[in-house]
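Here are a few notes to read alongside the structure. Have a look at it first, then work through the points below.

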Amino acid sequence: MGSEFTRLFELVISASLINNFVFTRFLGLCIFFGVSRKMETAVGMSITFTSVMIISAALSWVVFTKVMVPLEITFLEIIVFIGVIAGLVQASDTIMRKVASGLYYKLGIYLALISTNCIILAVPLVSAGEKYSFIQSLAFGLGSGLGFALALIIMASIREKLELADVPVPFRGLPMAFVVTGLIALAFTGFSGLITM
Amino acid sequence: MAGTSTINLKDQFLNGIIKENTIFKLALSLCPSIAVTNNLKNGIYMGLAVLFVQTMVNITISMMRNFIQPKVRLPIFMLVISGWVTITSMLMAAFVPDVYAKVGLYIQLIVAFASILARAEMFASKNGFVPSMVDGLGMGCGFLFALTTISFFRELVGKGSLTVPTGLATQHVFTFINAKPLLIMVLPAGGFLAVGLLMAAFNWVDVKYLGSKSHGH
């Protein structure tokens with residue numbers, strides 16, 4: 001029981017810090033650069049993303065293990081996971097609109113952006129490949145959501161200041177953001193070896 | 001020859017490489033551009049994979065365009081893209097397993113490429129077979145060009161060598177410098193730096209030589 005819990009903890013730390021999806025695995029970059037301009041949008045996206053991540057990790061695990069493996073159609077994983085995610089996003093959109101319209105007003109727009117996010121597809125794919133258990137998939141999803149949130153918030157706080165800085169013309173906008181991200185990624189490299197898995 | 005369309009094929013092709021270059025201009029589908037480009041060979045194969053998927057998807061959607069119900073077109077596009085990505089993924093696993101071992105996950109993520117979906121929606125679903133194919137080839141080549149440039153730069157500066165594929169299963173590693181000059185370039189951080197620098201360079205060339213106004217992101 002103890003070592004199981006340790007393993008879950010390791011998964012969360014690993015997914016959020018050591019193998020941070022943005023800085024180490026380069027996933028979710030389009031959304032990362034698009035949403036990290038202001039702190040407000042960054043936080044909104046983080047919340048939405050982590051919630052969707054955890055639910056989709058759970059759903060994908062169930063579909064993969066209970067339906068695809070027994071039927072031996074695992075090679076269709078890409079198509080099926082995309083379907084699950086699209087369905088989940090559509091369902092959340094509808095539910096949120098009815099049940100929590102105040103929340104929807106604030107966070108709804110991020111839902112649509114999530115469906116073309118690489119991370120949301122990568123997490124089920126990696127879970128399936130590594131054959132995580134249900135709880136492990138959840139932990140992995142949680143860790144990746146937290147890692148993405150961390151990345152967004154760090155980036156937003158820097159970019160808000162960057163808007164006021166005197167950046168050379170060819171670098172204005174995205175190129176500078178990339179260089180900054182590179183520096184942050186450099187810092188994150190320090191986490192490698194934190195936990196030997 | 002021109003038929004019913006007034007689309008200049010040459011311009012359409014070049015559009016994907018320069019004016020609307022997926023990575024350097026549109027800044028879409030960035031994930032693989034950093035992930036796989038620490039090695040020239042991987043970069044080239046990833047670029048080829050995207051080229052293949054982009055072109056085949058454009059052709060397929062263009063041929064089907066008269067039968068697709070507008071309301072369900074997005075799921076259908078996704079289905080077509082997923083299908084071609086699955087095929088490409090399997091082909092790569094079979095013919096270049098060593099490359100696939102490294103970039104496999106990113107090949108599968110081609111499915112999430114906004115650029116391919118956008119091209120299908122904006123172009124292939126409205127244009128004929130040949131223009132769509134040329135557009136796919138153009139955007140794909142632009143992507144291949146971008147990935148090759150980034151990998152070339154990163155591997156040369158990071159490892160002092162170039163891994164050039166000479167056949168499906170072989171490659172020749174040209175080593176220019178024996179020590180590793182700037183190892184950081186082949187690490188994740190260096191990837192971001194390399195793309196940022198190359199993007200800035202592309203902007204500079206664009207403004208200076210191609211006359212477009214500097215764009216703000």
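This is a predicted model: local features need pLDDT of at least 70, side-chain atom pairs count only at pLDDT 80 or more; totals for chains, interfaces and linings use all residues.

1. Is B:T163 buried or partly exposed? It counts as partly exposed, because it has 19 C-beta neighbours inside 10 Å, and a buried residue needs 20 or more. Also worth a look is B:K41: B:T163 and B:K41 sit 122 residues apart in sequence, yet their C-alpha atoms are 5.7 Å apart in space.

2. Now step back to chain B as a whole. You'll find eight helices and two strands in it. Of the 217 residues in chain B, 51% are buried. If you take the chain B contacts between residues at least 6 apart in sequence, 76% of them join residues at least 24 apart.

3. Where do the two chains meet? Chain A puts 33 residues into the contact, and chain B puts in 33 residues. On the side of chain A that touches chain B, the elements giving two or more residues are α2 (29-35), α4 (77-99), α6 (118-130) and α8 (174-188) of chain A.

4. Next, the largest nonpolar core, which has 112 residues. The residues with the most contacts inside this core are A:L121, B:A49, B:V53 and B:L109. Helix α3(B) supplies the largest share of the core, 13 residues. Which residues does B:L109 touch, leaving aside its neighbours within four places in sequence? In chain A they are A:C118, A:L121 and A:A122, and in chain B they are B:C31 and B:P32.

5. The model scores ipTM 0.71 and pTM 0.74. For chain B, pLDDT averages 77, and 82% of the residues score at least 70. Within chain B, confidence is highest in helix α3 (residues 40-64), with a mean of 87, and lowest in strand β2 (residues 171-175), with a mean of 70. Over residues 1-5 of chain B, pLDDT is below 50, and this stretch has three contacts in the model beyond near neighbours in sequence.

Terms used
Residues are numbered from 1 along each chain as its sequence is written. Chains are lettered from A and ligands numbered from 1 in the order in which they are written. Helices (H or I, at least four residues) and strands (E, at least two) are DSSP runs, numbered from the N terminus. A residue is buried if 20 or more other C-beta atoms lie within 10 Å of its own, exposed if 12 or fewer, and partly exposed in between; C-beta atoms are placed from the backbone. Two residues are in contact if their C-beta atoms, placed from the backbone, lie within 7 Å. pLDDT is the predictor's confidence in each residue, from 0 to 100. A nonpolar core is a set of buried Ala, Val, Leu, Ile, Met, Phe, Trp, Tyr and Cys residues joined through C-beta atoms within 7 Å.
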